[in-house]
Amino acid sequence: MLHLLVLTPIVLAIAILLGAPARKSAFAAGIIQFAASLFALLSYDRTKNGFQFASQWTLVPEWDLKYFLAADGLSLVMLLLTGIVTLAAVWVTPKIEKRENLFYACLLLISGGAAGAFASQDLFFFYAFHELALIPTFLLIGIWGSGERHAAAWKITIYLALGSFVLLLGLIDLFQALPIAHRTFDMVRLQELAAANVIPSDAQVRPFFLLLIGFGILVSLFPFHSWAAPAYASAPAPVAMLHAGVLKKFGLYGLIRLAVPLLPEGALHWMHLLLILLVGNIIYVGLVTIAQRKLDLMLGFSSVMHMGYIFLGIASMNVIGLSGAALLMFAHGLSIAALFAMAGLIRQRQLSLSFDSLGGLARPMPFLGVTFGFAAFASLGLPGFANFAGEVAIFFGAFKNSGTGLHFSTMQIATFFALWGVVISAVYMLRSYRAVFLGEPGKSLASWSDVTGTARWPILLLLGFLLLAGFVPSYFLAFITPTIEALLR
Amino acid sequence: MYPVAPITLEIIVLVLGVILLLAESFSKSEDKSGLARTGIFVLVWVFFLTFFTTSDPGALDPAASMETRSFWGFYTADAIAMFFKRIALLTTIIVLVMSIEYRHVLARFIPGVSPGAGTGEFYCLPIFTCAGLMFMASAVDFVMIFVSLELVTVSFYVLVAYMRRHTASLEAGVKYLILGALSTGFLVYGITWIFGITGETNLALIGAKLPLLTGSTTPLLFGLMLILVGLGFKVAAAPFQIWVPDVYQGAPTPVTAFLSVGSKAAGFIVLIRVLEPFLGAPLLAPKVGAAIGILAGLSLVYGNLAAMPQDNLKRLLAYSSIGHAGYLLIAVASVGNDQGSFGSAGVAVAFYLAAYLLMTLLSFLVMIVVANHSRGDDILHFNGLAKRSPFLAFGMLTAMLSLAGVPFTAGFIGKFLVFAAALKQNHYILVGLGVITVAAGFYYYLRVIGAMYWQEPVDDTKIRMSFLTRLTIGGLTLAIFVFGVFPQPVLGMLDDHRPATAITLPIPQVPVPPAAPVY
């Protein structure tokens with residue numbers, strides 16, 4: 001089952017490069033991935049919990065290095081996110097004028113890399129699969145991007161390469177911090193070791209710092225965020241959807257699965273740094289977002305800003321906060337993917353995404369107007385959408401943490417700042433909605449046609465799951481919470 | 001006839017070289033590339049023969065005395081020696097494939113009565129170099145090391161300056177000759193110092209005597225530093241890198257490839273062998289380690305930063321080769337307690353070199369094919385290669401990714417092993433420099449990828465190449481990915497590595513006197 005999820009896009013990407021019909025193969029990969037992830041989620045035995053669907057193939061016996069796929073509740077939710085966004089991304093892709101094969105192959109490699117990273121329970125492959133997306137992103141933005149595409153492609157690639165090598169050092173350091181008898185790449189074993197608390201507390205400090213910075217660069221943690229917005233603004237819509245929606249969640253997933261459970265003392269040691277940086281994400285990047293005058297850049301910065309909430313959930317280090325963080329990862333992935341998809345659809349219909357030249361789109365394009373409104377409201381955390389459930393759980397979790405005594409703890413002060421982020425995101429989301437969809441019709445429209453027919457389906461798919469997770473978050477939390485409990489034990 | 005003694009391999013290669021030289025002088029054919037094809041055929045056979053050799057009884061038995069070891073202890077055939085012999089053979093085979101593809105360029109720059117005249121030696125000399133490299137892999141005595149090193153270097157003097165009508169090639173030849181002779185001088189001078197102090201040229205005996213020496217360590221260290229200078233030239237480590245860019249750019253491209261892989265591999269095997277006894281001596285180890293660390297740091301920074309502004313791919317790869325010497329030196333500096341890590345630092349060096357062989361030779365091979373059609377090897381000439389020949393572009397992409405160190409390629413496993421070894425020894429500064437320079441490396445390697453995939457081609461002519469070349473490019477590309485996911489075969493070859501010098505002499509172990517540390 002998991003092999004199907006991971007290998008289908010990679011195999012089909014190679015097939016496309018060798019000449020298979022590009023769009024059909026990519027579409028097939030999207031459908032298979034979506035169906036397989038949904039089926040895996042439904043057939044997961046929740047009475048037993050833990051890792052299921054395990055299968056492995058040993059590669060280097062001395063290092064205990066193996067290709068090892070298994071999934072627990074957290075992995076499955078992330079895999080479902082991968083499946084949904086991949087299908088939607090392939091679906092909304094417009095006709096590619098030049099080198100269609102290379103485009104779809106690269107797109108599928110990003111998706112396969114993300115799925116592999118979420119399904120691998122071996123440190124080596126967990127890391128390596130994420131890197132699979134690096135070069136396809138470079139090519140996709142550089143060839144098919146818009147605006148300053150070359151500069152953006154360079155920036156994201158160099159930044160992420162640096163981040164991933166810092167992360168590599170962190171992972172090696174984590175491995176070598178383990179007592180010699182317990183050294184393993186096996187993440188299932190690592191989870192058991194986390195429960196046994198085998199790493200002495202002074203040995204936890206350096207690996208946690210390296211992991212925080214390494215994963216942090218990949219998730220655009222302030223002040224390492226400057227690669228994200230220009231890259232997403234320049235990238236073709238499907239690439240921005242997959243990267244901002246799915247791939248960026250890898251760093252957060254890694255912090256939840258590895259750094260916090262295995263190195264809790266290290267986390268406490270660096271807690272103040274983390275809190276300062278995440279408040280920077282929310283307040284500083286939030287204000288930067290308000291100042292943006294173009295829709296694509298605004299969305300890029302907003303996705304950076306929302307990472308701050310998830311970092312806050314991780315910093316809380318309790319079950320409520322971490323579960324909220326995981327739920328928000330899922331919800332944010334869907335909402336930002338929907339927003340980028342629609343920004344791409346608007347881009348096809350006019351000449352510029354600048355707020356000055358847009359306006360009044362809601363009248364000629366009622367479908368886009370309504371769905372963009374839904375996604376924007378979801379993104380700013382309106383009740384009824386999954387983002388709301390996630391953010392509330394994060395705020396509760398963070399505020400609850402270390403709240404003894406008469407004074408507010410640093411964590412609680414950080415939570416106060418984070419709450420202001422909700423106001424900030426309301427300001428920029430509502431302002432941009434007014435600028436794009438309401439008011440006088442803009443000057444730069446090339447076409448007034450609304451999104452019709454089957455082109456509506458990918459957006460409805462994303463919004464449907466967003467609403468589903470918003471109305472019954474308990475269904476998804478039933479997968480996430482036992483995993484978090486097992487990790488924090 | 002199987003299995004054969006290890007020394008048979010070198011003998012076959014030497015005899016092959018002599019026969020080909022003779023055949024060349026009697027052959028009337030204008031196209032001399034048949035010599036190279038014969039060479040390739042025989043070397044491939046020898047390559048397979050390396051897997052069917054008897055183990056050298058002397059080398060594997062630590063208790064064997066010097067007299068019972070083959071060649072009076074000059075020669076060993078342990079796992080790491082066999083591994084480097086395979087590296088030498090594989091490199092030579094691929095270099096010969098390159099030479100065939102390069103023959104038209106060569107003919108343009110060789111004066112002769114007919115096209116192709118005077119090019120025969122170009123296909124024979126690499127075989128002698130190969131024999132030298134194979135001897136060097138087994139050399140555990142300074143005499144043997146020096147002789148085999150000279151066999152390699154002298155053939156390179158000729159090969160670098162081979163294109164007699166090409167001023168850049170001649171310039172490269174002169175530079176390489178002068179600096180090579182200088183480095184040889186340093187090496188010999190260093191060897192004499194060490195011989196003067198220990199009275200031995202055999203590394204095993206030196207290793208056994210070092211702990212017994214009393215008095216100042218300064219003369220020993222001085223001798224070792226001289227040797228390091230000499231070997232620093234061979235492996236292209238900063239600050240002895242001054243010859244590298246010009247020689248690499250001027251030499252015929254197959255020779256450049258041979259230099260960057262063969263010369264580096266040989267330099268590193270000698271470095272490992274020579275340093276092993278010194279790193280085993282408690283008084284010397286920290287200072288030797290620090291010296292290597294300084295070389296590593298300088299090479300990393302210089303090589304990677306200087307590669308960034310280069311517009312000529314050959315020159316870019318020259319600087320990148322200095323950078324890779326830096327990563328390899330990190331591993332050499334991290335030799336030490338290996339318990340619970342990923343094999344020893346020696347394994348890291350060997351694996352890194354194997355990966356470096358695959359990716360460097362692949363990039364040079366693609367470069368030769370492209371340069372045949374574009375008449376130049378600037379990055380500019382690679383513009384739009386993905387449209388002209390997706391196959392070549394993918395090969396180059398793979399080589400660049402592996403050089404940069406992207407996962408699922410052999411180059412990544414090499415970097416992974418190096419960083420693991422260095423973190424284990426807490427070499428923070430080296431690791432920090434390593435990570436920053438990896439990011440710098442991404443910039444210049446991806447520039448090539450950007451040129452191939454982002455830009456439009458200047459001309460749309462199809463690129464043709466021979467079947468042999470196509471096969472080699474495909475094989476190297478595949479090998480990079482296979483060893484990137486499944487490194488076990490290479491690691492397995494290194495598995496029974498034991499220090500060649502791990503013999504105990506019948507000398508009573510005298511406890512080391514608690515000498516005052518010499519600072």
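Reader: Let's start with helix H17 of chain A, residues 366-379: what should its 14 residues span at 1.5 Å a residue, and how far apart are its end C-alpha atoms?

Author: Bear in mind that this is a predicted model. At 1.5 Å a residue, the 14 residues of H17(A) should span 20 Å, and the end C-alpha atoms are 20 Å apart, so the two values agree.

Reader: Is H17(A) largely enclosed or largely open, and how many of its residues are buried?

Author: Of the 14 residues in H17(A), 10 are buried, so the helix is largely enclosed by the rest of the structure. Among the buried residues are A:Leu368, A:Phe372, A:Phe374 and A:Phe377, and the list also includes A:Gly369, A:Thr371 and A:Ser379.

Reader: Which helices do those buried residues pack against?

Author: They pack against helices H15 (295-316), H16 (319-349), H18 (386-400), H19 (410-437) and H20 (457-471), which belong to chain A. Just after H17(A) comes A:Gly381, with a positive phi of about 90 degrees.

Reader: Changing topic, at what angle do H9 and H12 of chain A pack?

Author: Helix H9 (residues 205-218) and helix H12 (residues 249-262) of chain A pack at an angle of about 160 degrees, and their axes are 8 Å apart. An angle over 145 degrees counts as roughly antiparallel, and H9(A) and H12(A) are therefore roughly antiparallel to each other.

Reader: Which residues meet there, and how do they divide by type?

Author: From H9(A), the residues include A:Phe208, A:Leu211, A:Leu212 and A:Phe215, and from H12(A) they include A:Phe250, A:Gly254, A:Leu255 and A:Leu258. The residues of this contact divide into 9 nonpolar, 3 polar and no charged.

Reader: What is the peptide bond between B:Ala238 and B:Pro239, cis or trans?

Author: That bond is cis, with omega about 0 degrees, and B:Pro239 is in the loop between helix H10 (218-235) and helix H11 (244-250) of chain B. That loop of chain B is also the place of B:Ala236, whose phi is near 60 degrees, a positive value in a residue other than glycine. With 29 C-beta neighbours inside 10 Å, B:Ala236 counts as buried.

Reader: Where is A:Asn197, and what is its phi?

Author: A:Asn197 is in the loop between helix H8 (187-196) and H9 of chain A, and its phi is positive, about 55 degrees, although it is not a glycine. It has 13 other C-beta atoms within 10 Å, so A:Asn197 is partly exposed. As background, most residues other than glycine have a negative phi, and most peptide bonds are trans.

Reader: What does B:Val406 touch?

Author: Not counting residues up to four places away in sequence, B:Val406 touches A:Glu131, A:Leu134 and A:Ile135 in chain A, along with B:Leu401 and B:Phe412 in chain B. B:Val406 is in the loop between helix H17 (390-404) and helix H18 (410-424) of chain B, and it counts as buried because it has 24 C-beta neighbours inside 10 Å.

Reader: Last one: how many residues are in the largest nonpolar core, and which have the most contacts inside it?

Author: The largest nonpolar core has 408 residues, and A:Phe340, B:Val332 and B:Tyr352 have the most contacts inside it. Helix H15 (residues 345-374) of chain B provides the largest share of this core, 24 residues.

Definitions and conventions: Residues numbered from 1 in each chain as written. Chains lettered and ligands numbered in written order. Predicted model: local features only at pLDDT ≥ 70, side-chain atom pairs only at ≥ 80, totals over all residues. Axes fitted to C-alpha atoms, helices over the stretch in contact; angles between N-to-C directions. Helix = DSSP H or I, 4+ residues; strand = E, 2+ residues; numbered from the N terminus. Parallel < 35°, antiparallel > 145°, perpendicular 65-115°, else oblique. Contact = placed C-beta atoms within 7 Å. Nonpolar A, V, L, I, M, F, W, Y, C, P; charged D, E, K, R; others polar. Expected span 1.5 Å × (residues − 1). Buried ≥ 20, exposed ≤ 12 C-beta atoms within 10 Å, placed from the backbone. Core = buried A, V, L, I, M, F, W, Y, C linked by C-beta atoms within 7 Å.
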